[in-house]
Amino acid sequence: MIVERLSTFAKTGIFYCAKSQLLCQRQNLQMLLLACTISSHAVTKNIEYISHGNQINTSNRVIQNLNYSKDRPLLVLLSWLYAKRKHVMKYINLYKEQGFDVLIVSMTPWELMWPMKGSKLVAADLLTFLIKHQNYQQIVLHGFSVGGYLWGEVLDLIESDRQEYKNVIDRIVGQVWDSAADITELTIGVPRAIFPHNEVLQNMLQKYLEYHLKTFYKQSTQHYIRSSQLFHSNLVHSPALFFLSKTDPVGTLSSNLKVKDRWDSLGVETYIKIFEKSPHVGHYRKYPKEYATELYAFLNKLRLIENEEKIRTHF
(Lines give C-alpha, C1' and ligand atoms only; values in the text may rest on other atoms or scores of the structure.)
Protein backbone atom coordinates (compact mmCIF):
# COMPACT_ATOMS: atom_id res chain seq x y z
CA MET A 1 0.00 0.00 0.00
CA ILE A 2 2.80 2.43 0.92
CA VAL A 3 4.61 1.61 -2.33
CA GLU A 4 1.44 2.29 -4.32
CA ARG A 5 0.94 5.66 -2.62
CA LEU A 6 4.54 6.63 -3.23
CA SER A 7 4.16 5.61 -6.86
CA THR A 8 1.00 7.69 -7.23
CA PHE A 9 2.67 10.64 -5.51
CA ALA A 10 5.70 10.36 -7.78
CA LYS A 11 3.56 10.26 -10.93
CA THR A 12 1.57 13.26 -9.74
CA GLY A 13 4.77 15.17 -8.93
CA ILE A 14 6.34 14.35 -12.28
CA PHE A 15 3.16 15.41 -14.11
CA TYR A 16 3.03 18.67 -12.14
CA CYS A 17 6.71 19.44 -12.82
CA ALA A 18 6.32 18.62 -16.51
CA LYS A 19 3.25 20.84 -16.75
CA SER A 20 5.09 23.71 -15.01
CA GLN A 21 8.09 23.33 -17.31
CA LEU A 22 5.87 23.35 -20.40
CA LEU A 23 4.13 26.49 -19.14
CA CYS A 24 7.48 28.22 -18.54
CA GLN A 25 8.73 27.15 -21.96
CA ARG A 26 5.60 28.50 -23.60
CA GLN A 27 5.93 31.83 -21.77
CA ASN A 28 9.63 32.05 -22.69
CA LEU A 29 8.79 31.31 -26.32
CA GLN A 30 6.15 34.02 -26.30
CA MET A 31 8.68 36.51 -24.92
CA LEU A 32 11.23 35.45 -27.56
CA LEU A 33 8.75 35.83 -30.40
CA LEU A 34 7.69 39.19 -29.01
CA ALA A 35 11.31 40.36 -28.87
CA CYS A 36 11.77 39.38 -32.51
CA THR A 37 8.92 41.61 -33.63
CA ILE A 38 9.73 44.79 -31.70
CA SER A 39 12.46 47.39 -31.75
CA SER A 40 13.64 49.89 -29.15
CA HIS A 41 15.20 53.33 -29.14
CA ALA A 42 16.74 55.30 -26.27
CA VAL A 43 15.00 58.69 -26.40
CA THR A 44 17.03 59.86 -23.38
CA LYS A 45 18.92 58.02 -20.66
CA ASN A 46 15.62 57.83 -18.74
CA ILE A 47 13.17 57.17 -21.58
CA GLU A 48 13.03 54.16 -23.88
CA TYR A 49 10.66 53.78 -26.82
CA ILE A 50 9.56 50.28 -27.85
CA SER A 51 7.59 49.73 -31.03
CA HIS A 52 6.18 47.03 -33.25
CA GLY A 53 8.36 46.20 -36.23
CA ASN A 54 12.09 46.77 -36.49
CA GLN A 55 12.48 50.00 -38.42
CA ILE A 56 12.78 53.29 -36.53
CA ASN A 57 14.22 56.57 -37.79
CA THR A 58 14.78 59.70 -35.71
CA SER A 59 14.84 63.31 -36.83
CA ASN A 60 14.95 66.34 -34.51
CA ARG A 61 14.12 64.06 -31.56
CA VAL A 62 10.96 62.94 -33.34
CA ILE A 63 10.69 59.19 -33.82
CA GLN A 64 9.46 57.99 -37.18
CA ASN A 65 8.32 54.39 -37.07
CA LEU A 66 8.34 52.95 -40.57
CA ASN A 67 5.78 50.40 -39.39
CA TYR A 68 3.59 53.32 -38.31
CA SER A 69 -0.09 52.75 -37.60
CA LYS A 70 -2.26 55.78 -36.91
CA ASP A 71 -4.62 53.87 -34.63
CA ARG A 72 -1.93 52.24 -32.47
CA PRO A 73 -2.23 53.22 -28.80
CA LEU A 74 0.74 54.22 -26.64
CA LEU A 75 1.50 52.90 -23.17
CA VAL A 76 3.49 55.24 -20.92
CA LEU A 77 4.99 53.03 -18.21
CA LEU A 78 6.33 54.96 -15.23
CA SER A 79 8.54 52.39 -13.52
CA TRP A 80 9.57 51.91 -9.92
CA LEU A 81 13.08 52.51 -8.55
CA TYR A 82 15.69 49.96 -9.64
CA ALA A 83 13.16 48.07 -11.73
CA LYS A 84 14.77 45.12 -13.51
CA ARG A 85 14.14 44.97 -17.22
CA LYS A 86 12.93 41.36 -17.13
CA HIS A 87 10.25 42.37 -14.63
CA VAL A 88 9.19 45.46 -16.57
CA MET A 89 8.95 43.44 -19.78
CA LYS A 90 6.33 41.17 -18.22
CA TYR A 91 3.99 44.14 -17.92
CA ILE A 92 4.91 45.44 -21.35
CA ASN A 93 4.09 42.05 -22.84
CA LEU A 94 0.48 42.40 -21.64
CA TYR A 95 0.14 45.59 -23.67
CA LYS A 96 2.29 44.67 -26.67
CA GLU A 97 0.05 41.69 -27.33
CA GLN A 98 -2.80 44.15 -27.74
CA GLY A 99 -1.00 46.30 -30.29
CA PHE A 100 0.45 49.01 -28.02
CA ASP A 101 3.68 50.85 -28.60
CA VAL A 102 5.45 51.58 -25.32
CA LEU A 103 7.37 54.36 -23.61
CA ILE A 104 9.31 53.27 -20.50
CA VAL A 105 10.18 56.12 -18.13
CA SER A 106 12.52 55.61 -15.19
CA MET A 107 14.55 57.64 -12.71
CA THR A 108 17.29 56.99 -10.19
CA PRO A 109 17.15 57.59 -6.43
CA TRP A 110 19.47 60.58 -6.94
CA GLU A 111 17.10 62.08 -9.50
CA LEU A 112 14.24 61.55 -7.06
CA MET A 113 16.10 63.23 -4.20
CA TRP A 114 17.19 66.27 -6.24
CA PRO A 115 14.16 67.20 -8.39
CA MET A 116 15.55 70.37 -10.00
CA LYS A 117 18.48 68.48 -11.53
CA GLY A 118 16.72 65.14 -11.77
CA SER A 119 13.03 64.20 -11.80
CA LYS A 120 11.81 67.55 -13.17
CA LEU A 121 14.07 67.15 -16.20
CA VAL A 122 12.77 63.61 -16.75
CA ALA A 123 9.20 64.92 -16.55
CA ALA A 124 10.00 67.66 -19.07
CA ASP A 125 11.49 65.12 -21.50
CA LEU A 126 8.40 62.93 -21.19
CA LEU A 127 6.06 65.84 -21.86
CA THR A 128 8.16 66.90 -24.86
CA PHE A 129 7.88 63.42 -26.34
CA LEU A 130 4.10 63.38 -25.95
CA ILE A 131 3.77 66.80 -27.55
CA LYS A 132 5.97 65.95 -30.52
CA HIS A 133 4.31 62.61 -31.25
CA GLN A 134 0.77 63.62 -32.07
CA ASN A 135 0.23 60.37 -33.96
CA TYR A 136 -0.56 58.74 -30.63
CA GLN A 137 -4.15 59.78 -30.02
CA GLN A 138 -4.81 57.09 -27.40
CA ILE A 139 -2.43 57.12 -24.44
CA VAL A 140 -2.63 54.87 -21.39
CA LEU A 141 -0.60 55.57 -18.25
CA HIS A 142 0.61 52.67 -16.09
CA GLY A 143 2.53 53.96 -13.10
CA PHE A 144 4.27 52.12 -10.28
CA SER A 145 5.35 53.41 -6.86
CA VAL A 146 7.33 56.66 -7.34
CA GLY A 147 5.90 56.85 -10.86
CA GLY A 148 2.99 58.62 -9.21
CA TYR A 149 5.34 61.33 -7.96
CA LEU A 150 6.93 61.65 -11.41
CA TRP A 151 3.53 62.06 -13.04
CA GLY A 152 2.80 64.81 -10.50
CA GLU A 153 5.86 66.64 -11.84
CA VAL A 154 4.45 66.29 -15.37
CA LEU A 155 1.16 67.72 -14.14
CA ASP A 156 3.06 70.66 -12.63
CA LEU A 157 4.46 71.47 -16.06
CA ILE A 158 1.02 71.12 -17.66
CA GLU A 159 -0.50 73.34 -14.97
CA SER A 160 2.00 76.09 -15.88
CA ASP A 161 0.44 76.38 -19.35
CA ARG A 162 -2.82 74.47 -19.67
CA GLN A 163 -3.60 75.87 -23.10
CA GLU A 164 -0.26 74.71 -24.49
CA TYR A 165 -0.52 71.20 -23.04
CA LYS A 166 -4.29 70.61 -23.14
CA ASN A 167 -3.82 68.35 -26.15
CA VAL A 168 -1.76 65.91 -24.08
CA ILE A 169 -4.43 65.63 -21.38
CA ASP A 170 -7.16 65.07 -23.98
CA ARG A 171 -5.25 62.14 -25.53
CA ILE A 172 -4.93 60.18 -22.26
CA VAL A 173 -7.78 57.66 -22.38
CA GLY A 174 -6.95 55.62 -19.29
CA GLN A 175 -4.64 55.34 -16.29
CA VAL A 176 -3.46 52.44 -14.15
CA TRP A 177 -1.76 52.95 -10.79
CA ASP A 178 0.06 50.07 -9.14
CA SER A 179 1.28 50.64 -5.55
CA ALA A 180 1.44 54.42 -6.02
CA ALA A 181 3.57 55.93 -3.23
CA ASP A 182 2.82 59.32 -1.69
CA ILE A 183 5.29 61.74 -0.12
CA THR A 184 4.40 60.33 3.31
CA GLU A 185 5.84 56.94 2.27
CA LEU A 186 9.01 58.28 0.63
CA THR A 187 11.28 57.63 3.60
CA ILE A 188 10.02 54.05 3.80
CA GLY A 189 9.92 53.14 0.11
CA VAL A 190 13.28 54.43 -1.12
CA PRO A 191 15.40 52.53 1.47
CA ARG A 192 13.57 49.29 0.67
CA ALA A 193 14.14 49.79 -3.04
CA ILE A 194 17.87 50.44 -2.65
CA PHE A 195 18.59 47.89 0.11
CA PRO A 196 15.83 45.27 -0.22
CA HIS A 197 17.63 42.66 1.89
CA ASN A 198 19.50 44.77 4.44
CA GLU A 199 17.39 46.12 7.28
CA VAL A 200 20.32 47.92 8.93
CA LEU A 201 21.09 49.95 5.81
CA GLN A 202 17.37 50.55 5.30
CA ASN A 203 17.13 52.14 8.74
CA MET A 204 20.25 54.25 8.14
CA LEU A 205 18.95 55.56 4.81
CA GLN A 206 15.52 56.20 6.31
CA LYS A 207 17.11 58.40 8.98
CA TYR A 208 19.03 60.30 6.31
CA LEU A 209 15.91 60.82 4.17
CA GLU A 210 14.05 62.20 7.18
CA TYR A 211 16.94 64.62 7.62
CA HIS A 212 16.95 65.36 3.86
CA LEU A 213 13.26 66.31 3.85
CA LYS A 214 13.71 68.69 6.78
CA THR A 215 16.97 70.24 5.60
CA PHE A 216 16.39 70.60 1.86
CA TYR A 217 12.84 71.92 1.79
CA LYS A 218 13.39 74.37 -1.08
CA GLN A 219 15.53 71.99 -3.12
CA SER A 220 13.38 68.88 -2.66
CA THR A 221 10.52 68.68 -0.18
CA GLN A 222 8.39 71.48 -1.59
CA HIS A 223 8.43 69.74 -4.98
CA TYR A 224 7.27 66.46 -3.42
CA ILE A 225 4.38 68.25 -1.70
CA ARG A 226 3.42 70.08 -4.89
CA SER A 227 3.49 66.85 -6.90
CA SER A 228 1.30 65.11 -4.30
CA GLN A 229 -1.23 67.93 -4.40
CA LEU A 230 -1.44 67.79 -8.18
CA PHE A 231 -1.70 64.00 -8.20
CA HIS A 232 -4.67 64.21 -5.83
CA SER A 233 -6.38 66.94 -7.89
CA ASN A 234 -5.52 65.15 -11.13
CA LEU A 235 -6.09 67.10 -14.35
CA VAL A 236 -6.56 63.77 -16.14
CA HIS A 237 -10.18 62.68 -15.76
CA SER A 238 -10.02 59.54 -17.86
CA PRO A 239 -10.97 56.19 -16.21
CA ALA A 240 -8.51 54.90 -13.61
CA LEU A 241 -7.66 51.46 -12.22
CA PHE A 242 -5.86 51.01 -8.89
CA PHE A 243 -3.89 47.90 -7.91
CA LEU A 244 -3.30 47.77 -4.14
CA SER A 245 -2.43 45.39 -1.34
CA LYS A 246 -3.55 45.36 2.28
CA THR A 247 0.03 44.60 3.32
CA ASP A 248 1.95 47.14 1.22
CA PRO A 249 3.82 49.50 3.61
CA VAL A 250 4.96 51.83 0.81
CA GLY A 251 2.00 52.34 -1.52
CA THR A 252 -0.40 52.03 1.38
CA LEU A 253 -4.05 51.16 1.04
CA SER A 254 -5.15 54.19 3.08
CA SER A 255 -3.23 56.79 1.05
CA ASN A 256 -4.40 55.34 -2.27
CA LEU A 257 -8.01 55.18 -1.12
CA LYS A 258 -7.79 58.90 -0.34
CA VAL A 259 -6.67 59.51 -3.92
CA LYS A 260 -9.50 57.34 -5.25
CA ASP A 261 -12.08 59.17 -3.13
CA ARG A 262 -10.79 62.52 -4.36
CA TRP A 263 -10.91 61.41 -7.98
CA ASP A 264 -14.42 60.03 -7.47
CA SER A 265 -15.50 63.49 -6.27
CA LEU A 266 -14.02 64.97 -9.46
CA GLY A 267 -16.13 62.67 -11.60
CA VAL A 268 -13.35 60.24 -12.54
CA GLU A 269 -14.55 56.70 -13.25
CA THR A 270 -12.41 54.60 -10.89
CA TYR A 271 -11.89 50.87 -10.43
CA ILE A 272 -9.89 49.13 -7.73
CA LYS A 273 -8.39 45.71 -7.10
CA ILE A 274 -7.20 45.04 -3.56
CA PHE A 275 -5.03 41.99 -2.96
CA GLU A 276 -4.90 40.33 0.45
CA LYS A 277 -1.16 39.87 0.72
CA SER A 278 1.34 40.94 -1.92
CA PRO A 279 4.53 43.03 -1.69
CA HIS A 280 5.07 46.53 -3.02
CA VAL A 281 4.85 46.47 -6.86
CA GLY A 282 4.62 42.69 -6.55
CA HIS A 283 0.90 42.12 -7.14
CA TYR A 284 1.29 40.73 -10.66
CA ARG A 285 4.12 38.44 -9.59
CA LYS A 286 2.03 36.94 -6.76
CA TYR A 287 -1.39 36.99 -8.43
CA PRO A 288 -0.73 36.92 -12.21
CA LYS A 289 -4.14 35.63 -13.31
CA GLU A 290 -6.15 38.03 -11.14
CA TYR A 291 -3.97 40.95 -12.16
CA ALA A 292 -4.22 40.19 -15.88
CA THR A 293 -7.99 39.67 -15.60
CA GLU A 294 -8.50 43.09 -14.02
CA LEU A 295 -6.16 44.82 -16.46
CA TYR A 296 -7.73 43.28 -19.55
CA ALA A 297 -11.24 44.03 -18.27
CA PHE A 298 -10.17 47.66 -17.85
CA LEU A 299 -8.63 47.83 -21.33
CA ASN A 300 -11.80 46.27 -22.70
CA LYS A 301 -13.83 49.08 -21.15
CA LEU A 302 -11.53 51.48 -22.98
CA ARG A 303 -12.07 49.49 -26.20
CA LEU A 304 -8.36 48.78 -26.48
CA ILE A 305 -8.47 44.98 -26.70
CA GLU A 306 -7.19 43.96 -30.13
CA ASN A 307 -6.38 40.27 -29.74
CA GLU A 308 -8.61 38.14 -27.49
CA GLU A 309 -6.66 34.99 -28.39
CA LYS A 310 -3.57 36.41 -26.67
CA ILE A 311 -5.56 36.95 -23.49
CA ARG A 312 -6.36 33.24 -23.21
CA THR A 313 -2.66 32.34 -23.07
CA HIS A 314 -2.43 33.99 -19.64
CA PHE A 315 -5.05 31.71 -18.08
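The second largest pocket of this predicted model has a volume of about 260 Å³. Local features need pLDDT of at least 70 and side-chain atom pairs count only at pLDDT 80 or more, whereas totals for chains, interfaces and linings use all residues. Residues are numbered from 1 along each chain as its sequence is written, and side-chain values use heavy atoms, with hydrogens and water left out.

**The second largest pocket**
- A pocket here is an open set of points, on a 1 Å grid over the protein atoms alone, where a 1.4 Å probe fits, with protein on both sides within 12 Å along at least five of seven lines; lining residues have an atom within 4 Å of a point.
- Of the 18 lining residues, Ser79, Ala83, Ile104, Ser106 and Met107 are the closest to the centre of the second largest pocket.
- Helix 2 (85-96) and strand 2 (47-52) each supply at least two residues of this lining, and helix 2 gives the largest share, 3 residues.

**Packing of helix 4 and helix 6**
- Helix 4 (residues 119-132) and helix 6 (residues 162-171) pack with their axes 10 Å apart and at an angle of about 80 degrees, which makes helix 4 roughly perpendicular to helix 6 (a term for angles of 65 to 115 degrees).
- Leu127, Leu130 and Ile131 of helix 4 make the contact (heavy atoms within 4.5 Å) with Tyr165, Val168 and Arg171 of helix 6.

**Salt bridges**
- The whole structure holds 12 salt bridges, each a side-chain nitrogen of Lys or Arg within 4 Å of a carboxyl oxygen of Asp or Glu.
- One of them joins Asp156 and Arg226 (3.2 Å, N to O); because Asp156 lies in helix 5 (residues 147-160) and Arg226 in helix 9 (residues 217-232), the pair ties together parts that are 70 residues apart in sequence.

Terms used
Points joined across faces, edges and corners; volume = space filled by probe spheres on them. Helix = DSSP H or I, 4+ residues; strand = E, 2+ residues; numbered from the N terminus. Axes fitted to C-alpha atoms, helices over the stretch in contact; angles between N-to-C directions. Parallel < 35°, antiparallel > 145°, perpendicular 65-115°, else oblique.
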